[in-house]
Amino acid sequence: MSEDKKTFYITTPIYYPSDNLHIGHTYCTVMADAMARFKRLEGYDVRFLTGTDEHGQKIQEKAKDKGVTPQAYVDEIVDGIKKLWATMEISYDDFIRTTEPRHMKRVQDIFMRMYNKGDIYKGAYEGWYCTPCESFWTDTQAGENHVCPDCGRPVQKAHEEAYFFKLSKYADKLRELLKGGEFLQPETRVNEMIGFIDQGLEDLCISRSSFDWGIPVPIDEKHVMYVWLDALSNYMTALGYPEVDDGISSENYKKYWPADYHLVGKEIVRFHSIIWPAMLMSIEEPLPKHVLGHGWLLIDGGKMSKSKGNVVDPVVLIDRYGVDALKYFLLREYTFGQDGAFTNEVMLNRMNFDLANDLGNLVSRTVSMIEKYCGGVVPAAGADEGPDAELKEMAVTCYERVSKHMDKFAFNLALEEIWAVIRRTNKYIDETAPWVLAKDEALKGRLDTVMHNLAEALRIVSVLIYPFMHHTSAEIRKQIGAEGDVNWEDAKLFDKMVGATVKKGEAIFPRLDIAKELEELEALKAAPVKPVCTKELIEFDDFEKIDLKTGTIIKAEKHPKADKLLVFQVDFGGEQRQIISGVAGSFKPEECIGQKVVAVVNLKPRMLRGLESNGMLLYACGEDHSYKFVETKADNGIEVG
RNA sequence: CGCGGGGUGGAGCAGCUGGUAGCUUACCGGGCUCAUAACCCGGACGUCGUAGGUCCGAAUCCUACCCCCGCAACCA
């Protein structure tokens, strides 16, 4: 029997353990977990994979800064990630780490398959090199000013020998794949990807020799593989593909590949819908059925980032509100594929209104009444009356609506349907007014029917919410006395509870004092103490070389050919200069006029998009690129030192 | 003309394979007392960014424009 079960293979991205995970990673993993649990409940043979992508320059550097080996560095962070998933009871079947031998050997094998196919060639990769840091940077990383993102010093254009994958060769097939309409969702991403292909695919650089924390290229020991092959192939290597001589069977590959769904963030949709299928085309293996790009959780209207200090730590929220409340909120509040605003207030509102008021309170009042009116035992029902039929109908058909939404990963709508049943049940209590029935012995039969229906409705709810909140499901079942394991088929029935013994327990979701919680959450996120000095020490002579002078901006305008640049004319009391700054995001030109400033005036002149900049204005610069002028009260042209 | 997303009652969102706008919350009024000051009912509040167009009919399709926000080869 179980041999014939339909399989369902779902993956999350493998996360990059350069820092601890935040709520965004949790969001993605929670969705995958809910889907995996749902499919298991529906009877599928589910394989759920998550893991970590542990190689690369950034991790090598972080480890170096910390004075540990890269392996030791990632081990510690991965340990934290696994603990987080354990706390949240993420039901993954396998956790793959790209530093594991089972993965590395297989990636090398995949490389060789592509190489032997003639899809990999040696070429030169062009980029920017920072000699003091010995780091290689891409065009984007070096930015318009061509400086090292790390130390801020100028970088030189440089060539690095590297291996390339003939991505361009697959452009037509990829376009066809995307136009098929089934592969990539949501659909809005499809046009984006086709547009990207249409502007011309370049071959992909897949190796690096400027760092060595990676999987060695099998045919050239000077190189390690760049993220593409290394990370993307995890989805197969974890299943034991390809067969290599290490005793791990590829049975799982035969069974579960191709993947049903790769769940990914919108920023890596491109890699999963272009590079990944191209790789698979090269090694002639089946393509995943679907790539799903989910949206981001935005904080204060912007992306969460460490430098802004607005990273939301899931551990804090779990400690305070519990795993289920957090999962419910994440799944209920946001629409798959779209960005959503995360605020503590939105979260606490959901927890209070939906969980405490609607569900928690319903459980509480139901169990209390059955104890009070029926001696704690769920009675048999009499004939339907009044709203009985409507309640039953809504409850026993809810699974259909939930399934329909889950097929589209519309977790929010699935939960909304379940909550419609919960609300209907609350309403049912009002309509039937059991406390009135209880006063008249002649109405005992009717009272029993109502109590029975309430217990059944709650039992169905306990089944339906299982994939999303299995603890809550269990707690409800305990309180209403539902026996046995959760079974999807039971969501279709309305007569399982007669004779069950209810037992009032703690409130499953205590009501929160939102104002107080908001205050405490705010206090918790008190900014971590940052060291004042973040750069290497310099000699006094080095400092002496910098010529700082005061001045006043007398003219300001946008750079005609650049979005981020403002062109200032600055008066230094005698001499007037043109200085360009990348601060268009922080100021409007007109509001800068008359601004007193401090400038470095012995910086070598530099052309910026066709206009010369003669010096540099000083700003207090937030890491999120919000600038504030360093002001002075001195007259123009005064030496600063 | 770089690419993309979005602009819907006070707030946050859904609707967008076209047929006179829906959900949660807040607000006002009422009901109930089994329950976690919860629950239930009713009400007010929107010319669906702007201007055109297609159509018997558009928030939903087309065109132009305005305003926010991301991305521009690796931060879910």
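Guide: Start with the naming of elements: helices are DSSP runs of H or I with at least four residues, strands are runs of E with at least two, and both are numbered from the N terminus. On that scheme, Asp495 sits in the loop between α19 (470-480) and α20 (514-524). The model is predicted, so to speak of local features takes a pLDDT of at least 70, side-chain atom pairs count only at pLDDT 80 or more, and totals for chains, interfaces and linings use all residues. Residues are numbered from 1 along each chain as its sequence is written, chains are lettered from A and ligands numbered from 1 in the order written, and side-chain values use heavy atoms, without hydrogens and water.

Asp495 counts as exposed because its relative accessible area is 55% (exposed is over 50%, buried under 20%, partly exposed in between, with a 1.4 Å probe and protein chains only). Set aside its neighbours within four places in sequence. Asp495 is then in contact with His452, Glu456 and Arg459 (heavy atoms within 4.5 Å).

Now the whole chain. Chain A has 641 residues, and buried ones make up 51% of them. It holds 22 helices and 26 strands. Count the contacts between residues at least 6 apart in sequence: 73% of them join residues at least 24 apart.

Two or more lining residues come from each of α12 (314-321), α13 (323-333), α14 (344-374) and α19.

Stay with α13. Of its 11 residues, 10 are buried. Ala325 is one of these, and so is Phe329.

The structure holds 26 aromatic pairs (rings of Phe, Tyr and Trp, the last by its six-membered ring, with centres within 6.5 Å; planes under 30 degrees apart are stacked, over 60 edge-to-face, the rest tilted). Phe329 and Phe342 form an edge-to-face pair, at 5.7 Å centre to centre and 75 degrees between the planes. The pair links distant parts of the chain: Phe329 belongs to helix α13 and Phe342 to strand β16 (residues 340-342), 13 residues apart. Phe329 counts as buried because its relative accessibility is 0%. Phe342 is buried as well, with a relative accessible area of 3%.

Another pair is stacked. Tyr253 and Trp257 lie 5.9 Å apart centre to centre, with 15 degrees between the planes. Both are buried. They also belong to one aromatic cluster, together with Tyr9, Tyr235, Tyr241, Tyr256 and Trp276.

A cis peptide bond joins Tyr241 to Pro242, with omega about -10 degrees. Pro242 is in the loop between α9 (234-237) and α10 (251-256). Trp257 and Pro258 are joined by a cis peptide bond too, with omega about 0 degrees. Here the loop runs between α10 and β12 (261-265), and Pro258 lies in it.

Glu284 has a phi near 60 degrees, a positive value in a residue other than glycine. It lies in the loop between α11 (269-283) and β13 (290-294). Glu284 counts as exposed because its relative accessibility is 58%. Phe409, likewise not a glycine, has a positive phi near 60 degrees. Its loop lies between α15 (388-407) and α16 (411-432). Phe409 counts as buried, at 2% relative accessibility.

Last, the charges over rings (NZ of Lys or CZ of Arg within 6 Å of the ring centre and within 35 degrees of the ring normal). Lys82 lies over the face of Phe95, at 4.8 Å from the ring centre. Arg208 has its charged end over the ring of Tyr226, 3.8 Å from the centre.
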